[in-house]
Number of protein chains: 4
Amino acid sequence: MKERKPLRSEMGWSTTDSITVRGYNLPKDLLGKIDLGGMAFLEMTGRMPNPREAEVFNALLVTLVEHGMTPQAIAARLISICSPEAMQAAVAAGLCGVGSVFAGGSEQIARVLQGALDGKDANADLTAMAAEIVEDHARRKAPVPGIGHPLHKPIDPRTPVLFGIAEKNGFRGRYVALLELIAAAAEKRFNRTLPINATGAIGALLSELGFPWRVCRGVAIIGRAIGLVGHVAEEMRNPIAYEIYERAEQEVATNATAKP
Amino acid sequence: MKERKPLRSEMGWSTTDSITVRGYNLPKDLLGKIDLGGMAFLEMTGRMPNPREAEVFNALLVTLVEHGMTPQAIAARLISICSPEAMQAAVAAGLCGVGSVFAGGSEQIARVLQGALDGKDANADLTAMAAEIVEDHARRKAPVPGIGHPLHKPIDPRTPVLFGIAEKNGFRGRYVALLELIAAAAEKRFNRTLPINATGAIGALLSELGFPWRVCRGVAIIGRAIGLVGHVAEEMRNPIAYEIYERAEQEVATNATAKP
Amino acid sequence: MKERKPLRSEMGWSTTDSITVRGYNLPKDLLGKIDLGGMAFLEMTGRMPNPREAEVFNALLVTLVEHGMTPQAIAARLISICSPEAMQAAVAAGLCGVGSVFAGGSEQIARVLQGALDGKDANADLTAMAAEIVEDHARRKAPVPGIGHPLHKPIDPRTPVLFGIAEKNGFRGRYVALLELIAAAAEKRFNRTLPINATGAIGALLSELGFPWRVCRGVAIIGRAIGLVGHVAEEMRNPIAYEIYERAEQEVATNATAKP
Amino acid sequence: MKERKPLRSEMGWSTTDSITVRGYNLPKDLLGKIDLGGMAFLEMTGRMPNPREAEVFNALLVTLVEHGMTPQAIAARLISICSPEAMQAAVAAGLCGVGSVFAGGSEQIARVLQGALDGKDANADLTAMAAEIVEDHARRKAPVPGIGHPLHKPIDPRTPVLFGIAEKNGFRGRYVALLELIAAAAEKRFNRTLPINATGAIGALLSELGFPWRVCRGVAIIGRAIGLVGHVAEEMRNPIAYEIYERAEQEVATNATAKP
């Protein structure tokens, strides 16, 4: 039989009188001493954020919480009227939609930025990099992630605020600079207004904070989980999912039976 | 055809140049001005917490994030090795387990406490209430929620810290008092050590903060979603799920084929 | 340390040259020799159905597959446009809604019927049982499960067909008889048309087939999983979820901003 | 405001006295006349299978149902002990793992086969195609999907049985031939035993049946949903998930606290 590997994890464990989370004594070192955003940072990175990191990271997370009546929010509400006894199933259903289309952008642009910059020294020519990135996407007919928005034009109002918070805290660095150059190069290349959207700003700032691109989707998942709980709680107070469902069902039935 | 009901929601909406969340301008009023715990409070209650509420609510949420290698965490890790391209599906899978057994306690004790106290005036006899609640559970052979812990004895180390944070902020009120009387009555009735556990403390404090019991599970869901993201991120760095799976599969095969 | 319990399962295991499923050699004994409904029966009961059982069980399952534009189907479609790379997440999201409201009825009526009949001899007075069951629900102001339908009146067209298939195969027994008496008693008691609906018929027939009420929801889950795959596949060919989402989002935004 | 698109679906709808599924009258045309595998075919393709198609399709589906103690099965069992009141959430959790690693192979090989053959005439040189496909994968250092198995060597015992059923029914055509040539070319190229595995056989046979590769994962989802219901039902009768969880939790705690 194959030799077995020991199971190790740094997340947390308990003894009779202590609870350890990421190396900290939960009741003594964390409760009352760290806020939820800081706790999320600790869970994902293994260390406490300093106040500057905490401010930037909390701002990113707050941006991600609520986006109104998204497909994920509607799905969570629909499931909550089917399984009102299982709120977790409704939130899980909505969370299943934090995929490539509505939430994957941060991950994608973080991947592009980290792929371009990591291992490059301070003299790297960011303008050339940006041009090359835009050209590469154009060649593959792939949209450049993190720029452009169907509604927020000419700018996404979240982006300058996020970059301002980052600047104040010393996190407006090379990743942000490269993304700005990419947006400028793309606007010229495609002759369209392509502002850095919130998703792009978040991908750049997570890169500044040192998050590997592979875990960036986790940050979106955290934010959206909170928003989805909010939607399900509102659905319990003020239901609309039944109405959405009935309209769709009736219209489908009407259109189907009306066929010649 | 049935008259249709208009769809209304207070969660959020956008125009070309503005994003409104729960009545606030997201970039101007929220980003950099509210932390993630406060944002969760806003999503669930529709108003900003004051600093005292924010401190208590953040402490509750931080308590809920990480509980080590729970069934939900193992499930999320197992799914993440099956669908590494869909981190959200792994977190959703784990979240499906925030149900009655491991996370429903806060909701249950909040229901008991709110059911007993809401609508009662300041002269209500809490000691009599507590005795009646314990007796009612004993009669139905139902465990009293929020007290006792398989591991943390004689006390759950989180409880005094949470109650201390609540007291400092003016939230150690009647719900906490009733829960303490319930624990004392249950210890006498069942002749066992039955400390208030963290889940019980959280149910009492959410009641102090004005959360209806029906949405208390949502607070657990938020905390656990963050913890599950942490576990999946660790699984990506330091995988153990494959080992857990292979051991179980081999043992089942060995036991099955060894049958006479 | 606590003594560990060996892990045992009868579901399946493999060796280099064999695959055993529920005690059968999968390639030799099952492939080409059992249809999917029979396989579901084997998975849930541990034995092959005889042809009569297979016919009844397949009919029940076929009934459960497709119910048109249900909340679960809409939710699955919405998630599929968010995570097109993860079809399983879309189906899982819809499946999260196979809960108490839209699919729990079979389980509930099976519980009532099995609770009343199991352990009773052949001389039991079913009419008295039915009256008592209806009275008990009336007293608790709980709806009697398995009867009545918002749309299908005066009868649910699936019920007589299912009962006919059961009769032909020798499975129209006491559970069906008791349910018919319950429906008759309820119509008299509440003075309304309360036909046995498909969910009720399925709960009675699963009882006839020997399924414990606790696993009846599993049969609904199997049926709906197939239906949800169908909806997601149609969504890929002929998308409508984006339209449902955009209408809801726009209406919410319009109603919100129109407030005085 | 943007013009709205009408919502259309061919899946199903109801009137007071009729239920239409995929154009068929459910009670009259389907119940008792189609088995569950046929119903799945109808849901996914919009037409009834002929008996030959039904036999092949049922065999594929039956192959997919049960794979023993997979990560998905363990995850579903773990969630079922957390949320025993929500069986659907447990199955949904397991289903979230029908992703690229354990179940995506059919889709991947179907994509390769359909990409190579669709639009090609009967004189196409399959041997050259196979060589090119293997070379292309070797160049990209990507594994060729559908061939090789960690356990089943030198052959996967399901493959010849599935191909035999296909041959008997007239579905052993060009897709199967190309896959066999690919396996042979890969064995030569990599100098290893690389039998066509069940996943590969299923991908080829779904291609023979006319399923577009994009929906092949749906077939795996259907099969696995049934298997997961079986596992959760066994977990209710004979629980092992608690044991799996406790072992992992204790080992992690022991290894963590034993660190120097």
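The model I am reading is predicted.

**Entry 1: H3 and H8 in chain B**

I looked up which residues pair these two helices. From H3(B), Glu55(B), Val56(B), Ala59(B) and Thr63(B) take part. They meet Arg158(B), Leu162(B), Ile165(B) and Ala166(B) of H8(B). I sorted this contact by class and got 5 nonpolar, 1 polar and 2 charged residues.

Next I checked the geometry. H3(B) spans residues 51–65 and H8(B) spans residues 158–168. Their axes come within 9 Å and cross at roughly 165°. Angles over 145 degrees count as roughly antiparallel, so I note H3(B) as roughly antiparallel to H8(B). The crossing of H3(B) past H8(B) is left-handed.

**Entry 2: chain A against chain D**

I turned to the contact between chains. Here 17 residues of chain A touch 17 residues of chain D. On the chain A side, helix H5 (87–95) and helix H12 (241–257) each supply at least two residues. H12(A) gives the largest share, 7 residues. By class, I find 9 nonpolar, 5 polar and 3 charged residues on this side of chain A.

**Entry 3: symmetry of A and D**

What rotation superposes chain A on chain D? I find 180°, with 0.0 Å of shift along the axis and an RMSD of 0.0 Å. The two copies are therefore related as by a two-fold rotation axis. In chain A, the C-alpha of Ala89(A) is the one nearest the axis, 3.0 Å away. Both copies use the same surface: 100% of the contact residues of chain A recur in chain D.

How values were computed: Residues numbered from 1 in each chain as written. Chains lettered and ligands numbered in written order. Predicted model: local features only at pLDDT ≥ 70, side-chain atom pairs only at ≥ 80, totals over all residues. Axes fitted to C-alpha atoms, helices over the stretch in contact; angles between N-to-C directions. Helix = DSSP H or I, 4+ residues; strand = E, 2+ residues; numbered from the N terminus. Parallel < 35°, antiparallel > 145°, perpendicular 65-115°, else oblique. Left-handed = near helix turned anticlockwise from the far one by under 90°. Contact = placed C-beta atoms within 7 Å. Nonpolar A, V, L, I, M, F, W, Y, C, P; charged D, E, K, R; others polar. Least-squares fit on C-alpha atoms with pLDDT ≥ 70 in both.
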